[in-house]
Amino acid sequence: MQKDRYRGEQNPITKVRNGYGTYIYENSFFRYEGEWLNGVKHGRGVLKMNDGSYYEGQFENGEIEGDGRFVYQNGSQYEGNFHRGEKHGKGRLDSQDIKYNGDWHLNLMHGEGVLITNNYTIKGQFINNKPDGICSFLSDSYNYEGQYSKGLKHGTGQYKSENEDYEGLYENDLKNGEGTLIKRLSNYPNYVYEGLFKDDQPLLQVNTIKYKLDPVPEEPIDPKAKKGEPVIDLTQILVYELKSGKFINFELNLVYQGPDIEDPVQPSAQEIDELVKNWQKEAKKQKNPPPMPDFAAKRMMKPAPILVQQESGRQLQIQLVQKLEQGNKLFRVDYREKLKKRREEIEKIKVDIEAQKLLEEQQQQAPVKSKKDTKKQTKKQEPEVVDLSIKLYNEQDQEPLIVESKNGAVRVEFLEYPEDFPPGKYFYVIQKNSPHAIGQFQPCEIELNINPEGGTQQKKKK
């Protein structure tokens, strides 16, 4: 029993469907109405499905081929070129989640096109449904224009967002190679890194602060070093003695300190035997000697620190701290220009006080005409109340000094303390102040003695 049905034109001799007609398929899911040629769909027609989806357009030799429109069950639709029932050529897809207008290859976005989703827009080249080649990416969170490979940023590109810009090389969606990164944060200067990147991060990240006091010793020699041993830079182990009326200068270097490396000078077998014998000799003198070190192990050494000249715009906070048993006490950091202005204010107050005293003395010496005039004059010439406790140094002031790096360094000059500053041992504590700058490091401390009796000198720590 034949279940399929056809109503329409046919060849009068062969009875083959030919012309215009409607055909209901055996399973009743498909229904075609349109043009036929020699028993197959050919020309324009409409193929309907029982789930509500349908295709209307060109057919060729029984296949969906050429221009047409396919409306899907969920309301999405594609209008454009087809090849053997698949999206192929130029076309536009509209759905609830995405819109794409451009080139297709066997149901895949392939070639030039524009993809619009609920979250972003991509305009450019596509291969196998993914951006590949030169593309622009636009979204609420960031924009990118540059090269893609298999849907990932790969090659040269420009990235822009509210808080960050990057221009340079990418590899597998990560910053890799030469590039320039700019990071922004409200109330802070722009942090800039220009150099090499690896796995989305700057290759050289600041992890240590080194400082150089000014002036520095002419010949920095470690007094404990034996003849032939390397010289130690005493600019890192000096206590700076700062006295009133003088000032201190220093330079902060932001550096990358790499992991330990193998020492190029390793002990010989003879030297190792000698070390073992000496240790055994000393161990016999002890009741419970510690385990013998592995003298044959490779000697390691720290590589030279690298100044991170690639970055600028990092803010550092310098605080003056006095370490006491009851806890740290903070003091303000003064510099010469600030103190000069404060001294001028104090001098003005002193001049006003002296002028007021002189006026009072003159009033006391002047003759008084009558009691009425005396009362009137006394009331009129009452001296203003002047705060005689104003000083250059105020204990309640704990203002830190904020400085900004350029090419990996900061120059701090003309730090000075007034005559009434309490003498004692202090530390400049230098730490990170820019939350958006890349790299973590421990606060750096510069020890100094502040003594108000005049003169400056450096002396070694004991």
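This is a predicted model: local features need pLDDT of at least 70, side-chain atom pairs count only at pLDDT 80 or more; totals for chains, interfaces and linings use all residues.
**Exercise 1. Aromatic pairs**

Work out how many aromatic pairs the structure holds, and classify Y55 with F59.

Step 1: apply the pairing rule, in which rings of Phe, Tyr and Trp (its six-membered ring) pair if their centres lie within 6.5 Å. That gives 29 aromatic pairs in the structure.

Step 2: take the rings of Y55 and F59, with centres 5.2 Å apart and planes at 80 degrees. Planes under 30 degrees apart count as stacked, over 60 as edge-to-face and the rest as tilted, so Y55 and F59 are edge-to-face.

Step 3: check burial, where buried means under 20% relative accessible area, exposed over 50%, and partly exposed in between (1.4 Å probe, protein chains only). Y55 and F59 are both buried, and Y417 and F421 are buried too.

Residues are numbered from 1 along each chain as its sequence is written, and side-chain values use heavy atoms, with hydrogens and water left out.

**Exercise 2. Charges over rings**

Find the ring that R17 lies over, then do likewise for K175.

Step 1: the test wants NZ of Lys or CZ of Arg within 6 Å of the ring centre and within 35 degrees of the ring normal.

Step 2: R17 lies over the face of Y23, 4.3 Å from the ring centre. K175 has its charged end over the ring of Y166, at 5.6 Å from the centre.

**Exercise 3. The neighbours of β21**

Find the strands that pair with β21 and say how enclosed β21 is.

Step 1: strands are DSSP runs (E, at least two residues), numbered from the N terminus. Two of them pair if DSSP finds at least two bridges between them.

Step 2: strand β19 (residues 208-214) is antiparallel to β21, with seven bridges; here T208 stands opposite V255.

Step 3: β29 (residues 409-416) joins β21 by six bridges, also antiparallel, and F250 faces V412 there.

Step 4: seven of the ten residues of β21 (residues 247-256) are buried, so the strand is largely enclosed by the rest of the structure.

Technical notes: Helices (H or I, at least four residues) and strands (E, at least two) are DSSP runs, numbered from the N terminus.
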